[in-house]
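Work through each task with the structure in view before reading its solution.

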Amino acid sequence: MTDNSEFDSHLYRTALAQLDRVAARLTLDRDIHERLRYPRRALVVSIPIRMDDGSTNIFIGYRVHHNTVLGPTKGGLRYDLGVNLGEVTALAMLMSWKCALMGLPYGGAKGGVRCDPRALSTRELENLTRRYTAEIILLIGPDLDIPAPDLGTDEQTMAWMMDTYSMTQGKSVPGVVTGKPLIVGGSAGRREATGRGIVYVLYQATRRLGHELRSRKVIVQGFGNVGAVAARLLWREGCTIVGVSDIKGGIWNPDGLDVRQLEAHVTEAGGVGGYPGADPISNVDLITQPCDILIPAAIGSQIREDNADRVKASIVAEGANGPTTPEADALLRERGVTVIPDILANAGGVVVSYFEWVQGLQYYFWRESEITSRLQEVMTRAFNRVWTLANKEGTDLRTAALMEGIRRVAEGYRVRGLYP
Ligand code: NAD
């Protein structure tokens with residue numbers, strides 16, 4: 001196989017190893033397999049920003065399209081110090097499998113800027129977002145590539161992106177991003193979509209394993225868009241949320257946290273730390289505390305070879321992308337832990353992003369109840385397909401989900417053939 005060292009990173013090597021393993025299982029055509037190992041295109045940009053103190057800083061940004069074979073590309077934009085070309089490429093590849101698995105007419109993409117968003121003022125963040133958008137403008141558009149929020153970005157980031165793009169077109173183009181505020185064409189239920197999707201797959205998984213979701217003990221690592229919503233909805237379902245964390249550390253109470261009060265505390269204090277009625281705990285220790293369900297919803301590689309054998313949960317639902325290393329995955333599998341993989345568990349976000357895009361193209365908006373019931377239908381159908389395939393193939397849910405996603409993308413390549 002050809003050298004692909006420019007994309008080298010831990011996550012990219014993991015993504016390639018997953019692809020190679022599944023390709024062998026699917027007996028994929030060798031040439032198509034080789035094409036799937038590379039992104040279609042990758043753009044690296046430098047972003048000069050005038051800082052509040054008058055100095056100029058250069059930030060490095062990326063936008064990667066993994067494949068465009070099933071439709072325009074779709075994928076989040078990440079602001080994080082860990083961002084590099086290899087990580088963004090791996091995440092774009094995962095988006096390809098995720099969109100195909102969920103039956104969405106998209107290829108996979110991802111973007112990122114290497115920065116610490118918490119260290120930037122609102123003005124600096126706006127300037128960074130607008131200049132990044134201008135630099136990648138050739139690669140984005142409603143029928144070309146549609147960014148969405150991810151780690152470190154939010155609805156406001158999407159509003160700035162949409163405005164910048166729209167200014168260059170001389171008209172409002174809501175379909176260029178999803179996950180934007182409702183007032184400028186966002187979708188009802190988008191903010192909650194990823195967390196809500198996790199609840200729907202957990203509902204199916206616990207049912208299949210012969211339990212009730214209600215009264216399960218849950219730990220959530222990462223109390224952001226994904227984790228906080230998952231915690232709130234599971235708490236409302238009757239689960240006991242025994243521990244949560246954010247980047248500064250976690251809190252733990254085996255009798256359960258009141259998530260509504262916790263959210264009010266986070267709004268005031270800026271993080272979960274200091275919440276009364278719980279003990280502080282580190283992110284490292286939180287993952288191995290007693291619980292039934294563990295939801296890693298922060299960053300990658302949090303369940304590793306060195307802690308996987310101490311994970312007490314019987315179900316891990318991957319809210320984050322790539323939170324379990326392949327070595328840890330094998331250890332969890334050996335111990336009979338059910339891992340609901342990222343490309344299935346956290347797909348609710350891209351599913352409602354798809355709904356938002358469709359609504360924007362039609363200028364016709366659906367009620368929230370319509371969105372949540374369609375989301376439930378799509379998540380449940382995908383979960384059941386993956387569960388059935390895993391049983392048929394005698395494999396784990398991750399392998400089955402990847403088999404289904406990769407098979408569909410490969411089939412797209414096969415029927416379209418090779419240009420020229
Ligand atoms: P977010 O920025 O809203 O929240 C991230 C949370 O994780 C915050 O509480 C933050 O403090 C915490 N965190 C960050 N670094 C950490 C660290 N080193 N250790 C522990 N906690 C840390 O981001 P989000 O949108 O909730 O995304 C979280 C994860 O879910 C990411 O991996 C993202 O790729 C994935 N994801 C997000 C969506 C979505 O719709 N937002 C969809 C699919 C997957």
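**Exercise 1.** Determine whether Asp329 is buried or exposed, and find its partner in a salt bridge.

*Solution.* Asp329 has 8% relative accessibility and therefore counts as buried, where buried means under 20% relative accessible area, exposed over 50%, and partly exposed in between (1.4 Å probe, protein chains only). The model is predicted, so that local features need pLDDT of at least 70 and side-chain atom pairs count only at pLDDT 80 or more, while totals for chains, interfaces and linings use all residues. Residues are numbered from 1 along each chain as its sequence is written, and side-chain values use heavy atoms, with hydrogens and water left out. Next, the side chain of Asp329 meets that of Arg333 in a salt bridge at 3.9 Å, N to O, the term being defined as a side-chain nitrogen of Lys or Arg within 4 Å of a carboxyl oxygen of Asp or Glu. Arg333, in turn, is partly exposed, with a relative accessible area of 41%.

**Exercise 2.** Locate Glu356 and Lys180, whose side chains form a salt bridge (2.7 Å, N to O).

*Solution.* Glu356 lies in helix α12 (residues 348-362) and Lys180 in the loop between α5 (155-169) and α6 (190-208), so the pair ties together parts that are 176 residues apart in sequence; helices are DSSP runs (H or I, at least four residues), numbered from the N terminus. Glu356 is buried at 0% relative accessibility, and Lys180 is buried with a relative accessible area of 4%.

Definitions and conventions. Helix = DSSP H or I, 4+ residues; strand = E, 2+ residues; numbered from the N terminus.
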